[in-house]
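Subject: A structure for you to look at

Hi,

Here is the structure I promised to pass on. Have a look at it in your viewer first, then read my notes below with it open.

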Amino acid sequence: MTRTHFLALETSCDETAAAVFTDDLEVLANMVASQTELHARFGGVVPEVAARAHLQRLLPVIDEALRTAGIRLDQLGAIAVHNTPGLVGALLVGVSAAKMLALALEVPLLAVNHIESHVYACRLAAGRDIFPCIGLVVSGGHTTLFHCKSALQFERLGATRDDAAGEAFDKVASLLGLGFPGGPAVEHEAAGGDPNTHRFPRALLHDERLDFSFSGLKTAVLYALAGPNVSKVPPPPPGQTRADLAASFQQAVVDVLVAKSRQALRRTGLTRLAVGGGVAANRSLRSALEAMAKEEGTELFIPPLALCTDNAAMAAIAVEKWRRQEWASLDLDAVATVG
Ligand code: KG4
Ligand code: ZN
């Protein structure tokens, strides 16, 4: 039997990505053109710059994905796109391209949620079913716990009330003079520090709800750096002080993410945990989750690094929708946030 080939597009934030996969979940190409260098000098992602860069890069990235997969446009059987959530101008580039391709090729269009795709990256990497499970998505824009009843049935258990975990990493990196993106830089710095130097707050740790809050933690790092009466951001601290701050901050984030995941597992009685999003690339978090999963008798799924950060292969959740013929219509819109 011939397989159906999917082309998937991701342009929700600052990575321009295209992937080719099949209906039996073999990934033939997963191309990502990062815009990090464009945004680094601003210390964060500039939406307008991101949208323009997607416009310039998307077609070459699609070409490269097709070439790598050895597939021609006319061999594609479906087009998938992340249409929510993200920066609306950035999302629009991918959505417009996907609609144009679906129309021209006369193939189904599939709209997928970027956050749900981060969980599905675990299914893709595992090569077998992972549902039902607890899904933890920890990225630059989201920190959310889901009860994933099936690939297409996600129930939100809790989420951050302010900053996302990745956003906290990025802001603390900026305070510590570590550049952008902050996550990998803080992790690197933390490796040489003592996580017990500062006892930073673990917000909502003993709260019954499965929500998160990281904005107070960022302020606590600022106060540790410059005292409570600080009026302007101080210069970055010297060597060991900086490493100790980074390690103590990272430990606070890890403790909260692990504790809330444990709470979600116990509350639902589920024995599988799937973790996705850029922060899932963090080695301290990975090993703390591994230890917790072992204690709880839980199977832990964390994708390899390339499938943790933004990419288009994770949009293979579209295959599940395609099987049920849940096509999107050609008036599909980009939606910045989900309610
Ligand atoms: O999932 P992602 O690539 O994009 C969004 O959907 O937001 O996540 C990006 C976030 C950034 O905030 C980045 O600093 C963080 O993931 N990140 C990390 C690490 N690698 C990326 N945070 C902590 N440790 C890392 N190693
Ligand atoms: Zn993401």
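Predicted model: local features only at pLDDT ≥ 70, side-chain atom pairs only at ≥ 80, totals over all residues.

Start with the open sheet of 5 strands, which runs in the order 3-2-1-4-5 with mixed pairing. Its edges are strand 3 (27-34) and strand 5 (109-113), and each of these pairs on one side only. On average, neighbouring strands of this sheet are turned by 20° against each other, direction ignored.

Now zoom in on strand 1 (residues 5-10). How many of the residues of strand 1 are buried? The count is 6 of the 6, so strand 1 is largely enclosed by the rest of the structure. A handy rule to remember here is that side chains in a regular strand alternate between the two faces of the sheet. You can see this in strand 1: His5, Leu7 and Leu9 point one way, while Phe6, Ala8 and Glu10 point the other way, and all are buried.

What does strand 1 pair with? On one hand there is strand 2 (residues 15-22), paired with strand 1 in the antiparallel sense over 6 bridges. A hairpin through 4 residues joins the two strands, and His5 stands opposite Thr22 of strand 2. On the other hand there is strand 4 (residues 76-84), which pairs with strand 1 in the parallel sense over 5 bridges. Here Ala8 stands opposite Ala80, and the bridge partner of Leu9 is Val81.

Helix 3 (residues 88-105) touches strand 1, strand 4 and strand 5, and its direction makes about 155° with that of strand 4. Helix 4 (residues 114-126) touches strand 1, strand 3, strand 4 and strand 5, and its direction makes about 95° with that of strand 5.

**The cores**

Next, the largest nonpolar core, which has 46 residues. Val138, Phe214 and Phe249 are the ones with the most contacts inside this core. Which element gives the largest share of this core? That is helix 8, with 12 residues. Other elements that give two or more residues include strand 6 (133-138), helix 5 (165-175) and helix 9 (283-296).

Leaving out residues up to four places away in sequence, Val138 touches Thr143, Ala165, Leu257 and Val275, among others. Apart from this core lies another one of 36 residues, among them Ile130, Phe131, Ala274 and Trp322.

Helix 5 is worth a visit as well. Its buried residues include Ala165, Phe169, Val172 and Leu175, and the buried residues of helix 5 pack against strand 6, strand 7 (143-150), helix 6, helix 7 and helix 8. Just after helix 5, Gly177 takes a positive phi of about 70°.

**The ligand**

Finally, go to ligand 1, which is surrounded by 19 residues. The closest are Gly140, Asp170, Gly183, Glu187 and Asp310. With Gly141, the backbone takes part: one of its N or O atoms is 3.4 Å from an oxygen atom of ligand 1. For Asn282, an N or O atom in the side chain is 3.0 Å from a nitrogen atom of ligand 1.

Cheers

Conventions. Residues numbered from 1 in each chain as written. Chains lettered and ligands numbered in written order. Heavy atoms only, no water. Pairing = 2+ DSSP bridges. Axes fitted to C-alpha atoms, helices over the stretch in contact; angles between N-to-C directions. Contact = heavy atoms within 4.5 Å. Core = buried A, V, L, I, M, F, W, Y, C linked by side-chain atoms within 4.5 Å. Buried < 20%, exposed > 50% of the residue type's maximum accessible area, 1.4 Å probe, protein only. Near = heavy atom within 4 Å. Polar contact = N/O pair within 3.5 Å; in protein donor to acceptor, adjacent residues only side chain to side chain.
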